[in-house]
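Please keep the model open while you read.

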Amino acid sequence: MRKPKLYQTGDQALVRQINLSLIMNVLRTESPISRASLSQKTELNKTTVSDLINELNERGFVRELGMQSSGTGRPATLLTLNPDAGYIISCEIAVDYLEILVTDFGPEVIWQIKEPIPSDTSQPAVIERMLALLHQAVEKGLSVTANLLGVAVGVPGMVDRATGTVLFAPNLKWRNVPLLAILEQENFGVPIFVDNEANMAALGEHYFGAARGYNEILYLSGNVGLGGGFLRNGQLCRGANGVAAEYGHMTIDPQGELCNCGNYGCWETLVSQNGLYKKIIQAIQAGEVSLLTEKVQARPENLSVEMIVEAAQAGDSLALRSLEDIGHFLGIGIASLLNALNPEIVVLGGLLSVASEFLFPVVNVEIQKRALLWNRESVKVVRAAHGSDACVKGGIATVYQSVLSQAPEVPLLDR
Ligand SMILES: [Zn+2]
């Protein structure tokens, strides 16, 4: 954990806010924990901790779990964040599906749904369906607790942080969609967050997944495209205009194929679901014999990463070669990113985690070959813990982060 800063002077309300946030963050990572240990970890004195805990308790964010005796001293009351403090709604607009997750403040799942989006669905129809599902999510949340704490929506594209407008989502072919403004018209009455799906997923893996306990985190997920997020010191790096970490659009092959962003040879033309399917369909159309031949000839649109992994497990040479090619280009890009960013951990999600048994050995060879010793020697490359749920888990983390930093006023519940 980072050393907390001690504020001696200045705005008392701000100091109180910072101290509340410090306490809630320690409760998030270290609970169950006693007041004395909280005081030690935050470097706040015991009276301040007690006062702030009483306040958080009154507001419903903290719960007492009972006593723990520590040998010699008096038994201490253990504290934890209160799962019943409220509920959070998270949504992912992916290229080919909509997913909604509702959790309590635990965060335990209250409701989850994933619906495919047919490829010819119009943008207004996708948004209308999302809004209907969000209102359904409110009903599900209200059946458990009265307080909605926040709504988060992840999209596979670049988002203007100031306005919540989706600037460009190449694989959805959306440009300048005022998504936050549309969501605000629904009167949810709580903060709403719109962000890039891979940024959200990176935060989700940091809060609840494979990157817990790490602060320098590179997250990459292969879906229809290739998304990325980078956390420095536990915070998302967003760049000057908030649209950093578009690693999928780094040029890897200047002579390469046209990408949906308009450029040629982007990393995601080589490492993504689209890239993988294209390679396999082209080889089969050119007459290569494979376990996938029948399925591809019948309905190429039904091809899935799981099918390809299954064929590779059965020794199919086309599936093996295609996954090896992806691993090769994935490793080349990761080696460059290790040199540029020097992360502690690289978390791979989506197709990159589904096919990890075939990708990781090749990726590791490329990293050893291409990354500088100091950037590669201690880095861990791991599978995402939440697979295709990483974005919606990350939406929960996004609201969580905002609540932990602000401890908003919520109406008291009957407890
Ligand atoms: Zn591109």
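Q: At what angle do helix α1 and helix α2 pack, and how far apart are their axes?

A: Helix α1 (residues 12–30) and helix α2 (residues 35–42) pack at an angle of about 115°, and their axes are 10 Å apart. The axes are lines fitted to C-alpha atoms, for helices over the stretch in contact, and angles run from 0 to 180 degrees between N-to-C directions. The helices themselves are DSSP runs of H or I with at least four residues, while strands are runs of E with at least two, both numbered from the N terminus. This is a predicted model, in which local features need pLDDT of at least 70 and side-chain atom pairs count only at pLDDT 80 or more, while totals for chains, interfaces and linings use all residues. Residues are numbered from 1 along each chain as its sequence is written.

Q: Why are α1 and α2 called roughly perpendicular?

A: Angles of 65 to 115 degrees count as roughly perpendicular, under 35 as roughly parallel, over 145 as roughly antiparallel and the rest as oblique. The angle of the pair is about 115°, and α1 and α2 are therefore described as roughly perpendicular to each other.

Q: Which residues make the contact between α1 and α2, and what counts as a contact?

A: Two residues are in contact if their C-beta atoms, placed from the backbone, lie within 7 Å. On α1 the contact is made by Leu-22, Ile-23, Val-26 and Glu-30, and on α2 by Leu-38, Lys-41 and Thr-42. By class, these residues divide into four nonpolar, one polar and two charged; Ala, Val, Leu, Ile, Met, Phe, Trp, Tyr, Cys and Pro count as nonpolar, Asp, Glu, Lys and Arg as charged, and the others, Gly among them, as polar.

Q: How do you know that β8 and β9 pair, and in which direction do they run?

A: Two strands pair if DSSP finds at least two bridges between them. Three bridges join β8 to strand β9 (residues 165–169), and the two run antiparallel, so the pair meets the requirement of at least two bridges. As an example, Val-159 has Val-166 of β9 as its bridge partner.

Q: What makes β8 and β10 edge strands?

A: The open sheet of three strands has the order β8-β9-β10, with antiparallel pairing. Each of β8 and β10 (174–177) pairs on one side only, and they are the edge strands.
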